[in-house]
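Please find below a colleague's note on the structure shown here.

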Amino acid sequence: MRRPKILGLVLRNFAKRPATIQYPRVKTPIEEDSRGVQYADLTKCTGCTLCALECPADAITMTPIPQGYEVTAKNPRRIYPLIDYSKCVFCYRCVKVCPVNAYIVTSKYDIAGPTRISSEEYSLSTLKKVS
Ligand code: SF4
Ligand code: SF4
């Protein structure tokens with residue numbers, strides 16, 4: 001490319017806004033119904049394990065609910081689906097198969113980080129603590 005052509009290109013682009021955004025300083029607009037983090041509401045979950053069995057990515061492990069939480073009588077085994085979001089492909093199969101509609105869905109997507117993130121905190125926050 002000859003120099004005058006490059007100069008013209010530089011001048012043309014100089015006044016244009018950048019095509020990229022400065023994520024994460026600038027948030028990316030997302031659709032409201034986009035598939036973000038999902039987690040089980042443990043006031044509804046019966047610990048049936050169906051979502052874990054149906055997960056195609058093997059991202060759900062049925063896990064004991066720690067002591068110190070009020071657990072409903074509907075969940076006598078005191079277990080809940082712990083989702084490893086680093087394995088999850090956000091297909092929402094778990095959401096669809098749950099017989100009691102226990103899953104809460106969100107548009108939260110910015111979960112990447114240095115530590116492995118799971119649904120533990122989200123799900124346990126749906127339960128009352130024993131006083
Ligand atoms: S959204 Fe899909 S991959 Fe993720 S935990 Fe649910 S069933 Fe598994
Ligand atoms: S399918 Fe629903 S009720 Fe069964 S373990 Fe999963 S979240 Fe709980």
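The points that follow go from the basis of the model to its fold, its core, its ligand shell and its backbone geometry.

1. Basis of the model. This is a predicted model, in which local features need pLDDT of at least 70 and side-chain atom pairs count only at pLDDT 80 or more, while totals for chains, interfaces and linings use all residues. Residues are numbered from 1 along each chain as its sequence is written, chains are lettered from A, and ligands are numbered from 1 in the order in which they are written.

2. Secondary structure. The protein chain contains 4 helices and 4 strands, where helices (H or I, at least four residues) and strands (E, at least two) are DSSP runs numbered from the N terminus. Along the sequence their order is α-β-α-β-β-α-β-α.

3. Overall dimensions. The radius of gyration of the protein chain is 22 Å, whereas a compact globule of 131 residues would have one near 14 Å. This quantity is taken over C-alpha atoms, and the globule rule is 2.2 Å times the number of residues to the power 0.38. Along the principal axes, the C-alpha atoms fill a box of roughly 75 × 35 × 25 Å.

4. Of the 131 residues in the protein chain, 20% are buried. A residue is buried if 20 or more other C-beta atoms lie within 10 Å of its own, exposed if 12 or fewer, and partly exposed in between, with C-beta atoms placed from the backbone. Two residues are in contact if their C-beta atoms, placed in that way, lie within 7 Å. Among contacts between residues at least 6 apart in sequence, 78% join residues at least 24 apart.

5. The largest nonpolar core. A nonpolar core is a set of buried Ala, Val, Leu, Ile, Met, Phe, Trp, Tyr and Cys residues joined through C-beta atoms within 7 Å. The largest one has 20 residues, of which Ala40, Cys51, Cys55, Ile60, Tyr80, Ile83 and Cys94 touch the most other members. At least two residues come from each of β1 (38–40), α2 (50–54) and β3 (79–83), and β3 gives the largest share, 4 residues.

6. Cys94. This residue lies in helix α3 (residues 93–97). Cys94 counts as buried because it has 26 C-beta neighbours inside 10 Å. Leaving aside neighbours within four places in sequence, Cys94 is in contact with Gln38, Cys51, Glu54, Cys55, Ile60, Pro81 and Tyr103. Cys94 and Ala52 are 42 residues apart in sequence, yet their C-alpha atoms are 7.3 Å apart.

7. Ligand 2. Which residues surround ligand 2? They are Ala40, Cys45, Thr46, Gly47, Cys48, Thr49, Leu50, Cys51, Pro81, Cys98, Val100 and Ala102, a residue being near a molecule if its C-beta atom, placed from the backbone, lies within 6 Å of it. The shell has 9 nonpolar, 3 polar and no charged residues; Ala, Val, Leu, Ile, Met, Phe, Trp, Tyr, Cys and Pro count as nonpolar, Asp, Glu, Lys and Arg as charged, and the others, Gly among them, as polar.

8. Backbone geometry. Most residues other than glycine have a negative phi, and most peptide bonds are trans. Tyr23 and Pro24 are joined by a cis peptide bond with omega about 5°, and Pro24 is in the loop between α1 (3–14) and β1. In the loop between β3 and α3, Phe90 has a positive phi near 55°. Tyr92, also placed in the loop between β3 and α3, has a positive phi of about 65°. Phe90 counts as partly exposed because it has 17 C-beta neighbours inside 10 Å; Tyr92 is partly exposed, with 13 other C-beta atoms within 10 Å.
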